[in-house]
Amino acid sequence: MDGLQYELKRSSRRTMSVEVHPTGSIIVRCPLRMPLYEIERFLLMRETWIQERLLDSEAKRQLIPQRTHPHHIYHRGDVLSWGWQNADIIVPQRHSTHSAAQKYIERWQRAEAESLFEAMIHEHLPSIGVPGLRYQGLKLRKMKRRWGSCSSTGFITLNEHLIRVPDGCIRGVVVHELCHLVHLHHGAAFHHLVQDVYPDHRISDAILDAWTSVL
Ligand SMILES: [Zn+2]
């Protein structure tokens, strides 16, 4: 395929695979000694599929506002600037180096995440009914590949980077995990409950999909 940029990862596997990431990067995995012409032939066979995925990821990225400065962060679906003056988020002067300021911003955003997520959880808990009483608490974690999870013991874990995406998308993830307090599976009963509690979840899930590139 002409001009297609991809990252090749050789390993002791037996088959080939290709992934198109939300960022538009292409990863090709193949056996250690597979010759280049075979790799190219494999990609040629999947050219249409790859081009479709690339267009799709490009369209999704256009939904997301762009950060154009190193002092920009994503926050609740917006781009905010930070600085020691004339910025959306003012960093106290005592955090005078770039790295100290970044740590300050990270702590600020984590605190924002915690209070917003808690508020949304308590807003929706009553609609979960009696199983909502199983809710034990919220844990925040930095995760690369997922937005949240729910344990059988009643703890909900949310990705602290979820604070970067629009509120509607955060709500979608919160409701999804809360509904796991009732059904620890993705069966029909689970989806009915999600639909009941948050009818807009299909739209917010589609938008969230576009935001996975900022994880
Ligand atoms: Zn789930």
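Two colleagues talk through a predicted model of one protein chain.

Biologist: How is the numbering done, and what pLDDT do local features need?
Modeller: Residues are numbered from 1 along each chain as its sequence is written. The model is predicted, so to speak of local features takes pLDDT of at least 70, side-chain atom pairs count only at pLDDT 80 or more, and totals for chains, interfaces and linings use all residues.

Biologist: How many helices and strands in the protein chain?
Modeller: Six helices and nine strands. Both are DSSP runs numbered from the N terminus: helices are H or I with at least four residues, strands are E with at least two.

Biologist: What does the C-alpha trace span?
Modeller: About 60 × 50 × 30 Å along its principal axes.

Biologist: Which domains are assigned?
Modeller: Domain 1 (7-61) and domain 2 (109-214). The bounds come from an automatic or database assignment. Their centres, over C-alpha atoms, are 32 Å apart. Four residues from each domain make the contact, where contact puts C-beta atoms, placed from the backbone, within 7 Å.

Biologist: Which strands form the open sheet of three?
Modeller: The order is β1-β3-β2, with mixed pairing. Pairing takes at least two DSSP bridges between two strands. β1 (7-11) and β2 (17-20) are the edges. β2 and β3 (residues 26-31) run antiparallel over four bridges. Ser17 has Arg29 of β3 as its bridge partner.

Biologist: What lies across β2 and β3?
Modeller: Helix α2 (residues 47-61), at about 20° to β2. Angles run from 0 to 180 degrees between N-to-C directions, with axes fitted to C-alpha atoms, for helices over the stretch in contact.

Biologist: New topic. Which element gives the most to the largest nonpolar core?
Modeller: The core has 23 residues, with Leu162, Ile170 and Val173 among those touching the most other members. A core here is a set of buried Ala, Val, Leu, Ile, Met, Phe, Trp, Tyr and Cys residues joined through C-beta atoms within 7 Å. α4 (167-179) is among the elements supplying at least two residues each. α4 gives the most, with seven residues.

Biologist: What does Val173 contact, beyond four places in sequence?
Modeller: Trp147, Gly148, Leu158 and Leu162.

Biologist: And Gly129: buried or exposed?
Modeller: Exposed, because Gly129 has 11 C-beta neighbours inside 10 Å. Gly129 is in the loop between α3 (98-128) and β7 (137-141).

Technical notes: A residue is buried if 20 or more other C-beta atoms lie within 10 Å of its own, exposed if 12 or fewer, and partly exposed in between; C-beta atoms are placed from the backbone. Two residues are in contact if their C-beta atoms, placed from the backbone, lie within 7 Å.
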